[in-house]
Amino acid sequence: MTPHDRLTDEPGRIAALRRYDILDTPSEGAFDKITDLVRTLVGVPISAVSLIDTDRQWFKSLAGLDGTETPRSVAFCDYAIRQDEPLVVPDACADARFCDNPLVTGDPGIRSYAGVPLRTPDGYNVGSLCAVDTRTRDFAPEQLAILQGLAPIVVEQMELRLLAERDGLSGALTRRAFVAAIDRQIALFIRHQRPAALILLDIDHFKQVNDSHGHPVGDRVIEAVAHCCATLSRPSDSLGRLGGEEFALLLPETAQEDALAAAQRFCDAVAALTIPHYPPLHVTASFGVAAIGPDRMTSQSWLAAADAALYVAKRSGRNRVELAAAPTAQAA
């Protein structure tokens, strides 16, 4: 795919953005330091690390203004990601693309803008690092060079952040990162009442594998089960390793019955695995499923519901799927 093709490949761009699992996360000092640097070195009152989602502009860092997001339709940065060179707008009121923009005609009264695309290692522009002023101005070449020098550092921070949230053995999200994903899904449910489900799985008799064959073989089992689950998952799903031989899957836009069917597919696939060894190893896993609901409005309570179902699966013979009791209609 050519660089031009990537500029027009919106599904690929959104997939590249979602891989970072960064949307709706709390502010982080590494990004805030960069926007503060932009304000100081470029001499602007406002700077942002802006990420362009399907229908919104979300700020990982916003210095000089309060807020977390805007509609994509009013985002200057939406224009910045459509080109490889910096987008420079010396006078927004004189630019047909922006003169009627509510961010220009109303608060915060944008008059000038310079934005450099945030390009991922695979060539997609997922957002921009921008400098914004409330007065008209020309951005000098050395000021644009500052933005161009800092934008790759933003992407590096996104890459480092992603690495820090991945379990080294399985490639799944760490427990901390997975719990953060649960919290974001709960926030989405509160705002829009979107369905979602949580699946916990635990490899059956894993201690016997380690005791009989050694920890290197146990690690091979962990890798195989994680790869199996990742292969069967949708791009929108999240796989986490909660510790030891326990994993979890977060399924957005998934109703209870669909999650139950998905868990059974995972269960059957794990049981069908042949793990290289002499002789070849076979393992099974037990699964607990819990749909989101009003009494599962914290990561702790939602995980507890799925864990209770997993406990039933273990007590009922293992290598099976159990559904948590239906969430109550009473708010937590």
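Colleague: Which elements each supply at least two residues of the lining of the second largest pocket?

Modeller: They are E1, E2, helix H4 (76–80) and E6. E2 gives the largest share, three residues. The names denote DSSP runs numbered from the N terminus, with helices (H or I) of at least four residues and strands (E) of at least two. This is a predicted model, in which local features need pLDDT of at least 70 and side-chain atom pairs pLDDT 80 or more, while totals for chains, interfaces and linings use all residues. Residues are numbered from 1 along each chain as its sequence is written, and side-chain values use heavy atoms, leaving out hydrogens and water.

Colleague: What makes a set of grid points a pocket, and what makes a residue part of its lining?

Modeller: On a 1 Å grid over the protein atoms alone, points where a 1.4 Å probe fits but cannot get out form a cavity, whereas a pocket is an open set with protein on both sides within 12 Å along at least five of seven lines; a lining residue has an atom within 4 Å of a point. By that rule 18 residues line the second largest pocket, and Gln57, Phe59, Leu65, Leu103 and Ile110 are the closest to its centre. Its space is about 240 Å³, a volume being what is filled by probe spheres set on grid points joined across faces, edges and corners.

Colleague: How does its lining divide into nonpolar, polar and charged residues?

Modeller: The division is 13 nonpolar, three polar and two charged. Ala, Val, Leu, Ile, Met, Phe, Trp, Tyr, Cys and Pro count as nonpolar, Asp, Glu, Lys and Arg as charged, and the others, including Gly, as polar. In the largest pocket, which holds about 1,200 Å³, the lining comprises 17 nonpolar, eight polar and 14 charged residues.

Colleague: What is the order of the strands in the open sheet?

Modeller: The order is E3-E2-E1-E6-E5-E4, with antiparallel pairing. Strand E3 (69–71) and strand E4 (87–89) are the edges, each pairing on one side only. E1 and E6 share six bridges, and one of these pairs Ser50 with Ser128.

Colleague: Why is E6 called largely enclosed?

Modeller: Buried means under 20% relative accessible area, exposed over 50%, and partly exposed in between, with a 1.4 Å probe and protein chains only. Nine of the nine residues of E6 are buried, so the rest of the structure largely encloses the strand.

Colleague: Is Glu322 buried or exposed?

Modeller: Glu322 has a relative accessible area of 17% and is therefore buried. Glu322 lies in strand E11 (residues 321–323). Apart from residues up to four places away in sequence, Glu322 touches Phe287, Gly288, Val289, Ala309, Val312, Ala313 and Ser316, contact meaning heavy atoms within 4.5 Å.

Conventions:
Two strands pair if DSSP finds at least two bridges between them.
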